[in-house]
Amino acid sequence: MKLTTLMASAALALGFAGGAIADGHEKTKVGFVYVGPVGDGGWTYEHDKGRQAVEAEFGDKVETVFVENVAEGPDSERVMTQMALDGADLIFTTSFGYMDPTNNVAAKFPDVKFEHATGYKRLHPNVSTYSARFYEGRAIQGHIAGNMTKSNIIGYIGSFPIPEVIRGINSAYIHASKVNPDVEFKVIWVYTWFDPAKEADAAKVLIEQGADVVLQHTDSTAPQAAAQEAGNVVTFGQASDMGQYAPFPRVSSIIDDWAPYYIARTRAVMDGTWEQKDTWDGIGPGMVGIGEISDAVPADVKAEALALKDALADGSYHAFTGPLNKQDGSPWLADGETADDGTLAGMNFYVEGIEGEIPQ
Amino acid sequence: MDLSAINPILLIAAMIAAATPILLAAIGELVVERAGVLNLGVEGMMITGAVCGFIIAVNTGSPTVGFIAAAIGGAVLSLLFAFLTQVALANQVASGLALTLFGLGLSALMGQSYVGIKPPRTEATPLGPLADIPVIGPIFFGHDLVVYIGLVIVAGTWATLKFSRAGLILRAVGENHDAAHALGYKVKRIRTAAIMFGGACAGLGGAYISLIRVPQWTEGMTAGVGWIALALVVFASWKPWRVLLGAYLFGGITQLQLNLQGAGVAIPVEYLAMSPYIVTIIVLVILSSDKSRAPGSLGRTFHVSG
């Protein structure tokens, strides 16, 4: 936790306590727990933009607090407990690894609403989960990557082997191999969401091993810098636009837009209409945005990618449409069949064609 | 599995580059601890060096000036620690932790307008025909100057501690500060100098990450390297060459495991991911089974009247 954050939240907590004693509960207090720094330029940066949107929307009626760089695990439980004790009405916990801590703390504070991002456990009525269908964006990236690779080797920096990341790898692979059957995926797991040096190292290794497209599922812009250094490697912005690396190496991006959801849920708490739910929105409702496809992409590929985006948005096409086999060759989806959300949510297998094993 | 995808020359060159930030930070901390001071603020000094070096390099267009600024930045921040522990006689552990928190916050503040900017490129040291030797050239002679400076600092630290009068005095202060004081040595002055040296080295190591290894500025980008450097000093039994060995082992195996993953080697990824930590610890623990031990006054507050 940054000293500034600590002091700011301490000051806010103090101010809040004073206000609450004077006239009860006047402001709705919304807390955010972040896994990285707000300046990571990716995942946490976008969540913090959502937080700022909540402040802009409700002005004086709302008060937001956040703690950044919170390690997944017991540390996060302590931070959430502190937030709840400080009078937060609604707490967004924004990383997969906060899943159990969120539910543990929710059990202790039944009057506080909890919203956990990218998880699936809702053990108490005051816990909701929300996530975005990032795999729809990965389909578009896969399409562009398959068309643009010359070496036919696509590098993929994985964070942790969890369903969210595996879905992305599968979706990208399916759509890359559709346009380029010779394409090969090299996956490196770095076991961190945010470590610029390690992310850059992983990108360099992939590039040295022949990859000329690098996809990342980590939070910093370090792989973009490594690709820029290499000169002829294509990348995609992850979680945020990463537009400072456009038009090349970054040729497009997946942008997480949490603001509408955060505003809607904050309003629900204010109105007293908050209810537990599981939200999983994609390109259509706007939770997943596709950053501008730059001119480095050939015009026809760009047009196809945009058509794919529209089809995913209006629901006429599903990113996981059969015929698809699992990695071991066993059939998964029949011709024309689409994957159900349950299978996707717990996805722990590669589709046929991807080499290597998923760490268990 | 496709081991042919790994280029051994590039791999070894990358190993050396990956080890350099840890090496610089650890050798600086080694000198600090040999002087009897435990500074847990390595991470904070590294990240401050990273941001100072980045800002100055971007504004002057010269990475060399950036590295000098990084060393100065780290040293200035370490002065705060020196003031707290040597003048105000505060607890070293608490002051060091505070320094890390302070450094992380300060660097985030300083670097706000530098996110997404590309720093000037650091060229390889012009070693002339040496770099053209096949195999050996790209491995040993194709690096930037900081890699060689790191090696020179290790050698210099070893020689100074072992053979010079200054090194003897520094060790005396670290082993028994009361005795050193009784002999007339300026314990606080010597320790402050050691702390500043540690800060400068940590700053250099941080700037190596922001200017060469990544190269960009991102908040919190050192991501724990400072803590690894701290642990390395202990496992290396406060000996410079072992710090070098440990840093190269750690950096090297980190690179190697990424390469093996990329090549699809059939070793479970979990084992690969933990291998740098385990191998480094095992090797250094075996080495330190001799009589080496921590400096006698390590972490103890020195008071003149004591």
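Helices in this account are DSSP runs of H or I with at least four residues, strands are DSSP runs of E with at least two, and both are numbered from the N terminus. The structure is a predicted model, in which local features need pLDDT of at least 70 and side-chain atom pairs count only at pLDDT 80 or more, while totals for chains, interfaces and linings use all residues. Residues are numbered from 1 along each chain as its sequence is written, and chains are lettered from A and ligands numbered from 1 in the order in which they are written.

The C-alpha atoms of chain B occupy a box of roughly 65 × 50 × 40 Å along the principal axes. For 306 residues, a compact globule would have a radius of gyration near 19 Å, and the 20 Å of chain B agrees with this. The radius is taken over C-alpha atoms, and the globule rule is 2.2 Å times the number of residues to the power 0.38.

Within chain B, helix 1 (residues 8-34) packs against helix 9 (residues 187-213) at an angle of about 170 degrees, and their axes are 7 Å apart. Axes here are lines fitted to C-alpha atoms, for helices over the stretch in contact, and angles between N-to-C directions run from 0 to 180 degrees. The angle makes helix 1 of chain B roughly antiparallel to helix 9 of chain B; angles under 35 degrees count as roughly parallel, over 145 as roughly antiparallel, 65 to 115 as roughly perpendicular and the rest as oblique. Helix 1 of chain B contributes residues including Ala17(B), Leu24(B) and Val32(B), and helix 9 of chain B contributes residues including Phe197(B), Leu204(B) and Arg213(B). Two residues are in contact if their C-beta atoms, placed from the backbone, lie within 7 Å. By class, the contact of helix 1 with helix 9 of chain B holds 16 nonpolar, four polar and two charged residues. Ala, Val, Leu, Ile, Met, Phe, Trp, Tyr, Cys and Pro count as nonpolar, Asp, Glu, Lys and Arg as charged, and the others, Gly among them, as polar.

Another helix pair in chain B is formed by helix 6 (residues 145-163) and helix 11 (residues 240-263), which pack at an angle of about 155 degrees with their axes 8 Å apart. Helix 6 and helix 11 of chain B are therefore roughly antiparallel to each other. Here Val154(B), Thr157(B) and Trp158(B) of helix 6 meet Pro240(B), Trp241(B), Val243(B) and Leu244(B) of helix 11. This contact of helix 6 with helix 11 of chain B comprises six nonpolar residues, one polar residue and no charged residues. In the loop between helix 3 (63-87) and helix 4 (92-110) of chain B lies Leu89(B), which has a positive phi of about 55 degrees although it is not a glycine.

Chain A is assigned domain 1 (3-132) and domain 2 (134-257 + 287-345), with bounds that come from an automatic or database domain assignment. The C-alpha centres of the two domains of chain A lie 30 Å apart. Where they meet, 14 residues of domain 1 of chain A are in contact with 16 residues of domain 2 of chain A. Helix 2 (residues 43-58) of chain A gives the most to the domain 1 side, with four residues.

Chain A also contains an open sheet of six strands in the order 2-1-3-4-5-11, with parallel pairing. Two strands pair if DSSP finds at least two bridges between them. Strand 2 (62-67) and strand 11 (278-281) of chain A stand at the edges with a single partner strand each, so one side of each has no neighbour in the sheet. Four bridges join strand 5 (residues 127-132) of chain A to strand 11 of chain A. Ala132(A) stands opposite Asp281(A) of strand 11 of chain A. Helix 4 (residues 99-108) of chain A packs on the sheet and touches strand 3 (90-93), strand 4 (113-117) and strand 5 of chain A.

Two peptide bonds of chain A are described as cis: one joins Ala246(A) and Pro247(A), with omega of about -5 degrees, and another runs from Gly322(A) to Pro323(A), with omega near 5 degrees.

Finally, the chains meet where 33 residues of chain A are in contact with 35 residues of chain B. Helix 7 (196-208) of chain A gives the most to the chain A side, with nine residues.
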